[in-house]
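Open the model in your viewer and switch to a cartoon view.

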Amino acid sequence: MPGTSIHMSRDKDETFMSLALRQAKKAVGMTSPNPLVGAVLVKRGRVIGKGHHKRAGLPHAEIEAFLDAERGGSGVSGSTMYVTLEPCCHTGKRTPPCVNAVIDKKISRVVVGALDPNPKVSGFGVELLRASGIEVETRVLEERCRGMNEDYNKFIVSGVPFVTLKLAATLDGRIAAGSGDSKWIGSEAQRRRAHGLRRRADAVVVGIGTVLTDNPRLTARLGGGVARQPFPVVLDSRLRIPLDAELIRAHDAPVVATTARGAKARKLKRLQDAGVRVLTLESDEEGRPRWDNLLYELGRMGAMNVLVEGGGGVAASALRARAVDKLVWFYAPKIVGGDGLGMVGALGIESIGDSIHVKDIKITRFGDEFMVEGYLS
C-alpha cells in the first residue's frame with residue numbers, strides 16, 4: 001500500500017539520521033563557533049561513508065563522509081546523503097561551500113535534519129540542491145538535530161552567547177554550609193557530568209567569592225580526554241583576584257576579569273602583566289557587571305556557549321537580568337539547613353505570579369542524585 005511505503009521510507013530515513021546524529025556528537029565541545037554536524041552516505045541500503053565536523057577550520061561533515069567512502073573504495077555517485085544540518089552554501093573563512101561538493105559528487109538525494117539558522121544559509125542550501133536536480137527531504141528528526149546545536153542556533157543569529165546556569169545543591173537547596181564549605185556536595189559522578197558541561201562551554205563565569213573561597217581551576221578534567229578548555233571569567237568589581245589563583249595558573253588561554261570603573265590602576269596592571277584580560281564594564285545596582293554588556297563582549301571574543309557556575313549572588317543577578325537560557329541544577333541526597341548558603345540570592349519577586357517560569361523540564365537520576373534541566377521562557 002502507498003501509505004505503508006511512505007511510512008517505511010520515513011522510518012529508514014530516521015534510522016540513518018540517527019547514525020548521522022551519533023557522528024555529530026563525537027565532536028561535542030570541539031567545533032565552536034561552528035555547529036555540530038554529522039553526515040552519512042548510503043547506497044543501495046548500505047552505509048558507504050560517515051563523517052563529522054571535527055573542529056573549526058577542518059573539513060565539514062559532508063566532506064569527511066566523501067573521504068571516508070573513497071577510502072573504502074566506494075563510488076558516491078547516485079547515493080543518498082543524510083546530514084544533520086543543511087549543507088552550507090557560502091564560502092566561510094577557511095572552508096568552501098558544501099553544496100557545491102554535494103552537486104559535483106552527483107548525489108541523488110539529500111536528507112536534512114534541520115535547516116541552518118545562519119542568515120547566509122537558511123533555506124538557500126536546500127534551494128540550490130533542488131535547483132540542480134537533487135531530491136531533498138527536510139526536517140527528519142528535526143527536534144533532535146536542532147537541540148544538539150541550541151548554542152549555535154542562538155549565537156549565529158544574535159551574536160550573543162547561549163547561557164547555561166549550573167548549580168549543585170543539597171536537597172534543601174543549599175550550595176554550601178554556613179561556613180562556606182562546599183566540597184563536595186555531589187559525588188564523583190555528578191562532578192563528571194558537570195565537567196561535561198565545561199567541556200562544551202567556551203567560557204565559565206564565576207563570582208570573586210567563589211574564587212576566594214574555593215580557589216577553583218575551572219578546567220574540564222573528568223570524563224575523558226579534553227583538547228580544548230573554556231576560558232574563565234571572574235566577576236570582580238574591586239579586582240580582588242589573587243595573582244596566584246589556581247585558575248590563572250591552570251589556563252593557557254587568557255583569564256578574563258570584569259571590573260567596575262575606578263578600579264585600582266596598580267592592581268589592574270599587575271593582572272594584565274600576569275596575562276589576565278580585564279574588562280571594565282558598567283555595573284548594576286549591586287556592583288556586578290551588566291549582563292548585556294558582559295555577554296556582548298564575550299560574544300565578540302568568540303564565546304558561543306557560556307556556563308555560569310555561581311555562587312548564589314551571581315546566579316541571582318543573571319536571572320534578574322534574564323540572561324539565562326538554560327538551567328542545569330544538580331541535587332545531592334544531603335540536608336544542610338537554613339544556616340547554609342542558598343542556591344539563588346534575592347530576585348525581588350513579591351508574588352508567585354511574578355516568579356520566573358521554567359519549561360521543558362527534564363530530570364535525570366544517577367544513583368541517589370539527580371539533575372534537573374530546563375529552559376527559561
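This tour goes from the sheet to the helices across it, then to the cores, one glycine and a cavity. Bear in mind that the model is predicted.

**Stop 1: the sheet**

Select the strands of the open sheet, 9 in number. Their order is β11-β10-β9-β8-β12-β6-β13-β16-β15, and the pairing is mixed. Go to the edges next: β11 (276–280) and β15 (358–366) each pair on one side only. From one strand to the next, the twist averages 20 degrees.

**Stop 2: strand β8**

Now select residues 203–207, which form β8. Is this strand enclosed or open? 5 of the 5 residues of β8 are buried, so the rest of the structure largely encloses the strand. Show side chains and look at both faces. In a regular strand, side chains alternate between the two faces of the sheet. One side of β8 carries Ala-203, Val-205 and Gly-207, and the other carries Val-204 and Val-206. Both faces are covered.

β8 runs parallel to β9, and 5 bridges join them. Val-205 has Val-233 as its bridge partner in β9. With β12, β8 also runs parallel, joined by 3 bridges. Here Ala-203 has Val-306 as its partner in β12.

Step on to residues 231–235 and 255–259, strands β9 and β10. They pair in the parallel sense over 3 bridges. Find Val-234: Ala-257 in β10 stands opposite.

**Stop 3: helices across the sheet**

Select residues 188–200 for helix α7. The helix lies across β6, β8, β12, β13, β15 and β16. Its direction makes about 165 degrees with β13.

Next, select residues 150–158 for helix α6. This helix lies across β6 (162–170), β12 (305–308), β13 (326–332) and β16 (369–376). Relative to β6, α6 runs at about 140 degrees. Which residues of α6 are buried? They are Glu-150, Asp-151, Tyr-152, Asn-153 and Phe-155.

**Stop 4: the nonpolar cores**

Select Met-17, Leu-41, Phe-66, Met-81, Val-102, Ile-107 and Val-110. These have the most contacts inside the largest nonpolar core, which has 42 residues. Elements giving two or more residues to this core include α1 (2–24), β1 (38–43), α2 (61–71) and α6. α1 supplies the largest share, 5 residues.

Zoom in on Leu-41. Its contacts beyond four places in sequence include Val-47, Ile-48, Phe-66, Met-81 and Ile-107.

A second core, of 32 residues, is separate. To locate it, select Ala-169, Leu-298, Ala-303 and Met-343, which are among its members.

**Stop 5: Gly-38**

Stay with β1 and pick Gly-38, which lies in that strand. Buried or exposed? Gly-38 counts as buried because its relative accessibility is 0%. Use the distance tool to Ala-24: the two C-alpha atoms are separated by 4.0 Å, although the residues are 14 apart along the chain. Other contacts of Gly-38 include Ala-20, Gln-23, Gly-51, His-52 and Tyr-82.

**Stop 6: the cavity**

How many cavities of 30 Å³ or more are there? The count comes to 1. About 70 Å³ of space lies in the largest cavity.

Notes: Residues numbered from 1 in each chain as written. Predicted model: local features only at pLDDT ≥ 70, side-chain atom pairs only at ≥ 80, totals over all residues. Heavy atoms only, no water. Buried < 20%, exposed > 50% of the residue type's maximum accessible area, 1.4 Å probe, protein only. Helix = DSSP H or I, 4+ residues; strand = E, 2+ residues; numbered from the N terminus. Pairing = 2+ DSSP bridges. Axes fitted to C-alpha atoms, helices over the stretch in contact; angles between N-to-C directions. Contact = heavy atoms within 4.5 Å. Core = buried A, V, L, I, M, F, W, Y, C linked by side-chain atoms within 4.5 Å. 1 Å grid on protein atoms, 1.4 Å probe; cavity = no way out; pocket = protein on both sides within 12 Å on 5 of 7 lines; lining within 4 Å. Points joined across faces, edges and corners; volume = space filled by probe spheres on them.
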